[in-house]
Amino acid sequence: MSSTVVVGYDGSDGADRALGWALDLAERRRAPVRIVRVFEPTLYSSGLGGGYIVSDAHDLRQDASAQLEVATDRARRSHPDLAVESTLEEGSPERVLTDECRRAGTLVLGSRGESAVSTLLAGSTTMYVASHATCPVIAVPMASLVPSAKGVVVGADGSELSEAAIGYAFQLASELRSPLTGVHAWFEPVVGTALGSALPVQHDPVLYARDQEILLAESLAGWSEKYPDVDVRR
């Protein structure tokens, strides 16, 4: 699998924070960085629904390209030991960024855009990409500038998807030299009755809770052996 850290960039404060986070992660991994700016021409058509005329769209594309060049130059100056490349792609952000997963070890995105509307769109794009990606996707909040050493939290439920998340969480915790907390949450089992939902007659809450604790412990055990340097909490 590729080690490249790909970051989606749209010139917003959220994208700048995501770029900073991606650069620091890549530096820890000694991995190359690819900055991707997506320009969607259909947003600037002059057809039904309004939009910009073609000449305006061309100018906006040029502005996006110049903005990307500035961000790339800044990234190379702040992290001179990293191999940093950038590209301006045309298409829908969801499709382009999902396609980028094929060449990425990790895809980093911002969680907010330049305005209330773009924040909504950024969140929608991030959710879509995270749901369709073939590599881990990290959504960087506005409050985060660099990968934090405060700790990594991972949800575990015993499923195959959970196993993949746990593996990535251990890798990240090892790189950050931070503790890892595994979390497993559950509902008490219920059965349907004529009067509504109720606990099973033979239900033993202490034994049931113990089974859930065992599930969490077993989910983390193999990874703890692979990453003995990670301090694990359950």
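Reader: How many aromatic pairs does the count come to?

Author: The count comes to one aromatic pair. The structure is a predicted model.

Reader: Which residues form the aromatic pair, and is it stacked or edge-to-face?

Author: F170 and Y227 form the pair, and it is stacked, with 6.0 Å centre to centre and 25 degrees between the planes. Planes under 30 degrees apart count as stacked.

Reader: Which parts does the pair tie together?

Author: F170 belongs to helix α5, whereas Y227 sits in the loop between α6 (205–226) and β10 (232–233), so the pair links parts that are 57 residues apart in sequence.

Reader: Are F170 and Y227 buried or exposed?

Author: Both F170 and Y227 are buried.

Reader: Turning to α5 itself, how many residues has it, and what span is expected?

Author: Helix α5 covers residues 160–176, which is 17 residues. From its first C-alpha to its last it reaches 25 Å, close to the 24 Å expected at 1.5 Å a residue.

Reader: Which residues of α5 are buried?

Author: The buried residues of α5 are S162, I166, G167, Y168, A169, F170, L172, A173, S174, E175 and L176.

Reader: At what angle do α1 and α5 pack?

Author: Helix α1 (residues 13–29) packs with α5 at an angle of about 80 degrees, and their axes are 10 Å apart. Therefore α1 is roughly perpendicular to α5.

Reader: Which residues meet there?

Author: From α1, the residues are L25, R28 and R29; they meet Y168, Q171, L172, E175 and L176 in α5. The residues of this contact divide into four nonpolar, one polar and three charged. Among the α5 residues in the contact is Y168, and Y168 is also one of the buried residues of that helix.

Reader: Where is R177 found? Is R177 buried or exposed?

Author: R177 is found in the loop between α5 and β7 (180–183). Its relative accessibility is 74%, so R177 counts as exposed.

Reader: And R30, what is its phi? Where is R30 found?

Author: R30 has a positive phi of about 55 degrees, although R30 is not a glycine. The residue lies in the loop between α1 and β2 (33–39). R30 is exposed, because its relative accessible area is 75% and exposed means over 50%.

How values were computed
Residues are numbered from 1 along each chain as its sequence is written. This is a predicted model: local features need pLDDT of at least 70, side-chain atom pairs count only at pLDDT 80 or more; totals for chains, interfaces and linings use all residues. Side-chain values use heavy atoms; hydrogens and water are left out. Helices (H or I, at least four residues) and strands (E, at least two) are DSSP runs, numbered from the N terminus. The expected span of a helix is 1.5 Å times one less than its number of residues. Buried means under 20% relative accessible area, exposed over 50%, partly exposed in between (1.4 Å probe, protein chains only). Axes are lines fitted to C-alpha atoms, for helices over the stretch in contact, and angles run from 0 to 180 degrees between N-to-C directions. Angles under 35 degrees count as roughly parallel, over 145 as roughly antiparallel, 65 to 115 as roughly perpendicular and the rest as oblique. Contact means heavy atoms within 4.5 Å. Ala, Val, Leu, Ile, Met, Phe, Trp, Tyr, Cys and Pro count as nonpolar, Asp, Glu, Lys and Arg as charged, and the others, Gly among them, as polar. Rings of Phe, Tyr and Trp (its six-membered ring) pair if their centres lie within 6.5 Å; planes under 30 degrees apart count as stacked, over 60 as edge-to-face and the rest as tilted.
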